[in-house]
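Hello,

Here is the structure I promised to pass on to you. Have a look at it first, and then read on for what turned up in it.

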Amino acid sequence: MATAAPSAASRIAVVTGASSGIGAATARQLAAAGYRVVLTARRKDRIEALAEEITTAGHQATAYALDVTDRAAVDEFATAFKTIGVLVNNAGGALGADPVATGDPADWRQMYETNVIGTLNLTQALLPKLIASGDGTVVVVSSTAGHGTYEGGAGYVAAKHGAHVLAETLRLEIVGQPVRVIEIAPGMVKTDEFALTRFGGDEDKAAKVYEGVAEPLTADDVADTITWAVTRPSHVNVDLLVLRPRAQASNTKVHRDL
């Protein structure tokens with residue numbers, strides 16, 4: 001299906017958490033679709049290397065080191081733009097898999113700060129620029145964890161429920177403005193870092209998440225979905241799109257060949 005080329009006024013796309021995984025893949029695909037991508041993440045070396053890769057491929061990219069939980073830094077970042085067309089709130093992540101009874105409050109706080117407050121910070125700072133473009137799009141990359149619970153995931157589930165509600169409420173509040181609000185909720189995605197980070201670098205625990213699953217989603221699968229949703233005609237709003245691998249029927253029902 002053909003995609004709509006971004007207009008001159010809306011051709012800048014800001015992608016948070018662009019140093020790896022879904023964020024990096026999304027930046028590549030939006031750049032290929034004609035957007036000038038602005039890559040943000042804390043790891044400056046990673047996003048600078050990605051920006052160089054994208055520009056070498058003949059597209060446009062700029063790297064900007066940013067911690068989405070630092071509101072002052074986010075506000076300073078926003079001053080660089082008069083308008084932007086797309087904001088992809090992808091920065092997030094999970095920490096630990098402990099039950100509610102023994103979960104580490106510090107992990108819960110960090111997940112909430114990154115997944116919810118980080119999204120709030122960028123959205124508040126850039127919403128006027130999105131409106132000024134006359135054709136803006138806010139994307140919130142949540143998770144199927146934002147739509148259903150599972151044991152051992154309450155901290156992450158709570159944070160992603162927060163991200164889901166933020167997107168849903170924002171859509172209600174700005175209806176009538178020239179800005180769409182899209183939520184993309186992936187299920188099991190196998191990336192280099194997600195599970196490894198969740199389990200504190202324990203490679204065995206991380207590997208068990210995907211054990212026996214023939215084809216989990218990839219970062220490119222999710223990026224393709226984000227890019228498709230963003231490049232629909234302006235009047236088409238993909239409110240919520242849930243995607244899972246065929247082997248996953250729910251957060252707790254996964255077919256494994258063991």
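In which helix do E48 and K44 both lie, and how many residues apart are they? Both are in helix α2, four residues apart, which is about one turn of the helix. Helices here are DSSP runs of H or I with at least four residues, strands are runs of E with at least two, and both are numbered from the N terminus.

Before going further, a word on the model. It is a predicted one, where local features need pLDDT of at least 70 and side-chain atom pairs count only at pLDDT 80 or more, while totals for chains, interfaces and linings use all residues. Residues are numbered from 1 along each chain as its sequence is written, and side-chain values use heavy atoms, with hydrogens and water left out.

**Salt bridges**

Searching the whole structure gives four salt bridges, a salt bridge being a side-chain nitrogen of Lys or Arg within 4 Å of a carboxyl oxygen of Asp or Glu. Here are some of them.

The side chains of E48 and K44 form one, at 3.9 Å from N to O. E48 counts as partly exposed because its relative accessibility is 41%, and K44 is partly exposed too, at 48%. (Buried means under 20% relative accessible area, exposed means over 50%, and partly exposed is in between, with a 1.4 Å probe and protein chains only.)

E53 pairs with R28, and their closest N and O atoms are 2.6 Å apart. This pair links distant parts of the chain: E53 belongs to helix α2 (residues 44-56) and R28 to helix α1 (residues 21-32), 25 residues apart. E53 is partly exposed at 38% relative accessibility, and R28 is partly exposed at 37%.

D75 and R71 make a salt bridge as well, with 2.9 Å between the closest N and O atoms. They are separated by about one helical turn because they sit four residues apart in helix α3 (residues 71-78). D75 is partly exposed with a relative accessible area of 34%, and R71 is partly exposed with 30%.

**Strands**

Now to strand β4 (residues 86-89), which is covered on both faces: V86 and V88 on one side are buried, as are L87 and N89 on the other. Which strands pair with β4 in the parallel sense? Strand β1 (residues 12-15) does, over three bridges, and so does strand β5 (residues 136-141), over four bridges. Two strands count as paired if DSSP finds at least two bridges between them.

T62 is found in strand β3 (residues 60-65) and counts as partly exposed, at 46% relative accessibility. From T62 to L95 there are 33 residues in sequence and 29 Å in space, C-alpha to C-alpha.

**A charged patch**

Finally, the surface. E215, D220, D221 and D224 gather there in a patch of negative charge. Patches are built from residues with over 30% relative accessible area and no salt bridge, joining like charges within 9 Å and nonpolar side chains (Val, Leu, Ile, Met, Phe, Trp, Tyr) within 5 Å. E215 lies in the loop between α7 (203-209) and α8 (219-230), and E215 counts as exposed because its relative accessibility is 61%.

Enjoy exploring it!

Best wishes

Key. Accessible areas come from the Shrake-Rupley method with a 1.4 Å probe; for residues, only the protein chains shown count as cover. Lys and Arg count as positive and Asp and Glu as negative; His and the chain ends are not counted. The place of a charge is taken as NZ of Lys, CZ of Arg, CG of Asp or CD of Glu.
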